[in-house]
Amino acid sequence: ARRIQRQPGAKENCLACAWYSRCALKFLPPDARFARNVATRSSVPSTVLAGRNLGASLISLEHFAEAKSLLRDQLLPAARRSLGPEHCYFMDTEEWLVQALHRDPGATRDDLLEAEALALGTLQ
């Protein structure tokens, strides 16, 4: 079983990053400066958290293609390299990718199989 690592001040960071993500959505397109910042500075856990929150906001707005692109192609590989697969922010990001893949009305069979594999991998 995976152990979730708690970060000091994670609740405060989460609230601040959620606010920043909502503001960033109002003023920036999803693939603008912020996505490039996530890909290049992902060694900072708060940057990974902010990217994850941006992905969650995209999912809630039903922008599934943008959310999948951000989470799968940019954020998860960078978070895996910098934080490792056991880190709670990495596992949360995987969970949001599962949500994006599962909730997308245009999801293919391969998308659903990928979502199932990610969900089962997180549980183990």
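Biologist: Within how many Å do the axes of α3 and α5 come, and at roughly what angle do they cross?

Modeller: The axes of α3 and α5 come within 10 Å and cross at roughly 15 degrees. Axes here are lines fitted to C-alpha atoms, for helices over the stretch in contact, with angles from 0 to 180 degrees between N-to-C directions. α3 and α5 are therefore roughly parallel to each other. Angles under 35 degrees count as roughly parallel, over 145 as roughly antiparallel, 65 to 115 as roughly perpendicular and the rest as oblique. The crossing of α3 and α5 is left-handed, and its contact is made by Pro45, Val48, Leu49, Arg52, Ala56 and Ile59 of α3 with Tyr89, Asp92, Thr93, Trp96, Gln99, Ala100 and Arg103 of α5. Contact means heavy atoms within 4.5 Å. Left-handed means that the near helix is turned anticlockwise from the far one by less than a right angle, and right-handed that it is turned clockwise.

Biologist: What kind of model is this?

Modeller: It is a predicted model, in which local features need pLDDT of at least 70 and side-chain atom pairs count only at pLDDT 80 or more, while totals for chains, interfaces and linings use all residues. Residues are numbered from 1 along each chain as its sequence is written, and side-chain values use heavy atoms, with hydrogens and water left out.

Biologist: How many helices and strands does the protein chain have?

Modeller: The protein chain has 6 helices and 0 strands. Of its 124 residues, 40% are buried, where buried means under 20% relative accessible area, exposed over 50% and partly exposed in between (1.4 Å probe, protein chains only).

Biologist: Back to packing, then. How are α3 and α4 arranged?

Modeller: They are roughly antiparallel. The axes of α3 (residues 45–60) and α4 come within 8 Å and cross at roughly 160 degrees, and this crossing is left-handed. Among the residues that meet are Val48, Gly55 and Ile59 in α3 and Phe64, Leu71 and Ala79 in α4.

Biologist: Where does α4 bend?

Modeller: α4 bends by about 40 degrees at Leu75, with Pro77 following within four residues. The bend is the angle between axes fitted to the seven residues ending at a residue and the seven starting there. The 19 residues of α4 (residues 64–82) should span 27 Å at 1.5 Å a residue, and the end C-alpha atoms are 25 Å apart, which agrees. The expected span is 1.5 Å times one less than the number of residues. Leu75 is one of the buried residues of α4, as are Lys68 and Leu76.

Biologist: And Thr93: buried or exposed?

Modeller: Thr93, in helix α5 (residues 88–103), is buried, with a relative accessible area of 0%. Beyond its neighbours within four places in sequence, Thr93 is in contact with Val48, Arg52, Leu71, Leu75 and Leu76.

Biologist: Which way does the phi of Glu62 go, positive or negative?

Modeller: Glu62 has a positive phi of about 65 degrees although it is not a glycine. Most residues other than glycine have a negative phi. Glu62 sits in the loop between α3 and α4 and, at 57% relative accessibility, counts as exposed.

Technical notes:
Helix = DSSP H or I, 4+ residues; strand = E, 2+ residues; numbered from the N terminus.
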